[in-house]
Amino acid sequence: MHPAYFALVMATGIVSLACHTMGLPLPAKGLFACNLAFYPALWILTLVRFVRHRAQVVADLRNHSRSVGFFTTVAATCVLGTQCFLIGGAYQAALAFWVSGIALWALLTYAVFTIIIVKPEKPALAEGLNGGWLVSVVAAQSVCVLGAQLAPGMGQHAPPVLTFCLAMWLGGGMLYLWIIALIFYRYAFFTMSPSDLAPPYWINMGAAAISTLAGTMLVAAAPHSPVIEQVLPFVRGLTLLWWATATWWIPMLVILGVWRHILRRFPLRYDPLYWGAVFPLGMYTVCTARISRAVDAPYLLSISRVFVYVALGAWALAAAGMTLSLVRRGRSSS
């Protein structure tokens with residue numbers, strides 16, 4: 001079981017929220033129901049894996065490529081919390097998920113990066129770095145997204161909560177800049193084979209997209225925070241920059257995908273990491289719809305009206321691949 005398997009919940013949740021945002025209630029509620037099953041099931045499997053294969057879990061935590069996959073637990077928790085709030089109307093449940101997300105973020109951020117920094121033997125940059133590192137950014141921004149939505153209902157506690165969310169947004173954005181600089185350096189100055197362009201590289205776009213969404217949530221919550229109101233033009237401008245960055249990545253990633261699978265004929269088979277490619281498509285749908293309101297650009301909604309079906313199609317393909325993979329494993333083991 002890959003540490004990043006919680007990307008299943010991330011992808012399912014954001015596609016559900018994309019459908020909710022674009023006025024498609026049936027798939028939104030159906031995917032919400034799926035996530036209510038996926039999330040506890042993955043935690044049970046994770047705990048079983050820790051008990052029965054503890055050495056492998058520890059090895060994952062010490063691995064440059066796999067350790068960052070644990071950050072999907074943070075994003076999955078906060079995305080499900082957002083579903084509970086917006087689709088389920090369950091404020092208290094969403095609040096519980098938010099508190100849990102903060103705890104997971106703090107634990108994993110300082111555990112994973114401390115282990116990576118202090119371990120004596122480290123891989124070369126080309127071997128240890130991949131797009132999955134940006135899930136650490138997604139984790140921080142997911143805490144901001146959920147917190148900014150819940151803050152208006154917290155009364156006198158709203159201003160400090162929103163200041164915390166603003167700090168998470170800015171800190172996550174700085175982390176994106178650090179990591180994406182290394183990723184682009186790896187792209188431009190190291191030889192790339194088709195196997196190197198694994199699905200998590202779509203997080204290049206997804207991390208910028210969720211940074212956009214977090215910014216729009218802060219803009220919407222600004223009346224409840226004197227701090228955000230003082231820097232509101234800056235927040236709007238930086239949010240637009242994140243959206244432009246996410247948009248820039250889409251054609252680049254499509255071109256690289258064509259090179260990988262068509263020109264170099266790399267086989268397209270199910271991999272749990274493909275959920276990390278579905279998530280950015282749903283996130284781009286939602287963030288574009290939200291920024292159209294934040295900067296008064298309603299014509300951007302036409303992009304979301306197309307992307308919601310792209311995200312749904314990608315989710316369906318990944319779900320079909322996962323189902324077939326589980327069926328084949330069941331047959332081979334029996």
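# A walk through the helices and loops

Visitor: Which helix is isoleucine 116 found in?
Guide: Helices here are DSSP runs of H or I with at least four residues (strands are E runs of at least two), numbered from the N terminus. This is a predicted model, where local features need pLDDT of at least 70 and side-chain atom pairs need 80 or more, while totals for chains, interfaces and linings use all residues. Residues are numbered from 1 along each chain as its sequence is written, and side-chain values use heavy atoms, leaving out hydrogens and water. With that in hand, look at residues 91–118: isoleucine 116 is found there, in helix H5.

Visitor: Is isoleucine 116 buried or exposed?
Guide: Buried means under 20% relative accessible area, exposed means over 50%, and partly exposed is in between (1.4 Å probe, protein chains only). Isoleucine 116 has a relative accessible area of 6%, so it counts as buried.

Visitor: Which residues does isoleucine 116 touch, leaving out those up to four places away in sequence?
Guide: Touching means contact, with heavy atoms within 4.5 Å. Skipping residues up to four places away in sequence, isoleucine 116 touches His64, Ser67, Lys122 and Trp133.

Visitor: How many salt bridges does the structure hold?
Guide: To count, you look for a side-chain nitrogen of Lys or Arg within 4 Å of a carboxyl oxygen of Asp or Glu. Another is arginine 66 with aspartate 60, at 2.7 Å. The total for the structure is 2.

Visitor: Which residues are linked in a network of salt bridges?
Guide: The network is made up of Arg49, Asp60 and Arg66.

Visitor: Where does arginine 49 lie?
Guide: Arginine 49 counts as buried because its relative accessible area is 12%, and its contacts include Met1 and Val57. Look along residues 25–52, and you'll find arginine 49 in helix H2.

Visitor: Is arginine 66 buried or partly exposed?
Guide: Arginine 66 has 26% relative accessibility, so it counts as partly exposed.

Visitor: How many disulfides does a search of the whole structure find?
Guide: A disulfide is a covalent bond between the sulfur atoms of two cysteines. The cut-off here is a pair of cysteine sulfur atoms within 2.5 Å. The search of the whole structure comes back with 0.

Visitor: How far away is the nearest cysteine sulfur from cysteine 144?
Guide: Cysteine 144 is buried, because its relative accessibility is 0%. Cysteine 144 is in no disulfide. The nearest cysteine sulfur belongs to cysteine 165, at 5.0 Å.

Visitor: About how much accessible area does the nonpolar patch of Val254, Val258, Ile262 and Leu263 have together?
Guide: Patches join residues with over 30% relative accessible area and no salt bridge: like charges within 9 Å, nonpolar side chains (Val, Leu, Ile, Met, Phe, Trp, Tyr) within 5 Å. Areas come from the Shrake-Rupley method with a 1.4 Å probe, and for residues only the protein chains shown count as cover. One member, valine 258, is partly exposed at 36%. Together, the four come to about 370 Å².

Visitor: What is the phi of arginine 265 near?
Guide: Most residues other than glycine have a negative phi. Arginine 265 sits in the loop between H11 and helix H12 (275–294) and is exposed, with a relative accessible area of 71%. Its phi is positive, near 55°.

Visitor: Where is aspartate 296 found?
Guide: Aspartate 296 isn't a glycine, yet its phi is positive at about 55°. It counts as exposed because its relative accessible area is 65%. You'll find aspartate 296 in the loop between H12 and H13.
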